[in-house]
Amino acid sequence: ALQRMCYQLKENQTYFGKRTSRARGGSGGKAIGVRECLWMETILEQLEDPLGSAVTLSKLLSANKQLLRDYATPKLVIRFADLIRQLGPQPRLVKFFESICTVDGEAVMANQEMVLRLTWMRKETRESIFLEVAEMPTDCFTPKSKPFGPVMLPSGQMSNEIPKPSTAHYPNNYIGKGTFKNGFNPVFVKWTGRMDWGKGVDELWYDAKTLDIDVYDTPNGKMARLEDLCWVLNGPELCEPVTGRPWKDFKEEIDKGKKAHKRWETHHQLASYFVGQLTLHCSMVTGRSSSCMTWLEDSFSYTLLASICHNIHLPQQIRAAATDFIRGLYL
């Protein structure tokens with residue numbers, strides 16, 4: 001209800017940000033009685049609640065410059081990073097970082113660089129809350145990757161690749177031309193995981209084996225194919241091409257078995273979180289922040305992002321997020 005009241009209404013947003021009321025609260029399990037507090041403070045106290053406090057806060061800050069100045073602080077960024085470590089990869093939490101990087105579509109460079117500094121620059125912090133991707137030549141990983149099956153295109157045609165245009169509508173020379181002609185390298189992904197993940201552990205989420213995702217030995221350690229992680233975002237179209245199993249059979253399994261259903265939910269959550277990560281990175285380079293661009297170029301090469309955009313075995317959410325990101329970072 002609060003999100004609807006404040007959507008694109010600056011007066012309501014400002015009123016909400018200044019309003020106080022009497023509320024009953026507590027700390028460390030001890031009640032502290034009734035007190036007068038700002039409504040924004042009440043939201044901040046309930047960020048762990050899955051019912052919408054974090055989403056409401058993100059929407060308010062992304063739409064109101066005054067609230068953004070007052071509440072988007074290093075302390076709050078660190079708090080959200082800690083929540084990800086405690087609660088796991090929840091899209092609503094990574095959405096907060098994105099929400100403070102821009103306001104009304106305009107870049108807020110100070111906040112972009114604050115998010116960069118507090119979540120990305122330190123390797124230990126980055127690995128604890130984000131996924132890592134890398135492109136690998138086919139002779140750099142074992143075992144040999146399984147071939148993927150054809151995907152149904154919007155035209156109804158089944159194909160393993162994007163159809164080539166009937167006319168050449170691109171220039172003679174363009175970025176990554178050699179890679180495009182020779183074929184993109186597969187993209188791999190990894191995250192810190194464990195079989196018995198629980199709230200408050202050091203690892204980000206369940207490991208690939210627990211999610212029934214194949215892993216490969218690479219120069220960067222054990223990694224999974226990005227297709228194997230992300231196909232769940234469009235199960236009906238990508239299940240059989242990526243896993244080799246008909247979607248109908250897979251759906252029956254997850255509908256009937258609690259264990260299979262839980263595995264599906266945790267797998268889907270991690271894939272959705274990765275979409276949020278790509279969207280965040282796009283927001284960090286909106287407005288061409290040189291610091292953010294320099295750091296992110298080291299982890300996301302032009303050919304890696306182009307490979308994601310061009311990969312027909314990835315869901316549209318991933319390809320669209322990569323397309324926005326590559327435009328902001330390189331074009």
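Cys309 has a relative accessibility of 18%, so it counts as buried; the term covers residues under 20% relative accessible area, while exposed means over 50% and partly exposed lies in between, using a 1.4 Å probe and protein chains only. All of this comes from a predicted model, in which local features need pLDDT of at least 70, side-chain atom pairs count only at pLDDT 80 or more, and totals for chains, interfaces and linings use all residues. Residues are numbered from 1 along each chain as its sequence is written, and side-chain values use heavy atoms, with hydrogens and water left out.

Taking the chain as a whole, buried residues account for 44% of its 331 residues. Its secondary structure comes to 17 helices and twelve strands, where helices (H or I, at least four residues) and strands (E, at least two) are DSSP runs numbered from the N terminus. A contact means heavy atoms within 4.5 Å. Of the contacts between residues at least 6 apart in sequence, 65% join residues at least 24 apart.

Back to the cysteines. A disulfide is taken as a pair of cysteine sulfur atoms within 2.5 Å, and by that rule the count is zero. Cys292, for one, is in no disulfide, and the nearest cysteine sulfur, that of Cys101, sits 7.0 Å away. Cys292 has 0% relative accessibility, so it too counts as buried.

Next come the helices, with α6 (residues 74–87) to begin. The buried residues of α6 are Leu76, Val77, Phe80, Ala81, Leu83, Ile84 and Leu87. Looking down the axis of α6, these fall within an arc of 155°, so they line one face of the helix; the arc is that of the directions from the helix axis to the C-beta atoms. After α6 comes Gly88, with a positive phi near 95°.

Helix α7 has nine of its eleven residues buried, so it is largely enclosed by the rest of the structure. Those buried residues include Arg92, Glu98 and Ser99 as well as Leu93, Val94 and Phe96. α7 (residues 91–101) packs against α8 (residues 109–120) at an angle of about 145°, with the axes 8 Å apart. Here axes are lines fitted to C-alpha atoms, for helices over the stretch in contact, and angles run from 0 to 180 degrees between N-to-C directions. Where they meet, Phe97, Ile100 and Cys101 of α7 touch Asn111, Gln112, Met114, Val115 and Thr119 of α8.

Most residues other than glycine have a negative phi, and most peptide bonds are trans. Thr142 and Pro143, however, are joined by a cis peptide bond with omega about -10°, and Pro143 is found in the loop between β5 (132–135) and β6 (151–152). Asp212 has a positive phi, near 65°. Asp212 sits in the loop between β10 (205–206) and β11 (216–218), and its relative accessible area of 58% makes it exposed. Phi of Arg288 is likewise positive, near 65°. Arg288 lies in the loop between α14 (258–285) and α15 (290–299), and with a relative accessible area of 43% Arg288 is partly exposed.
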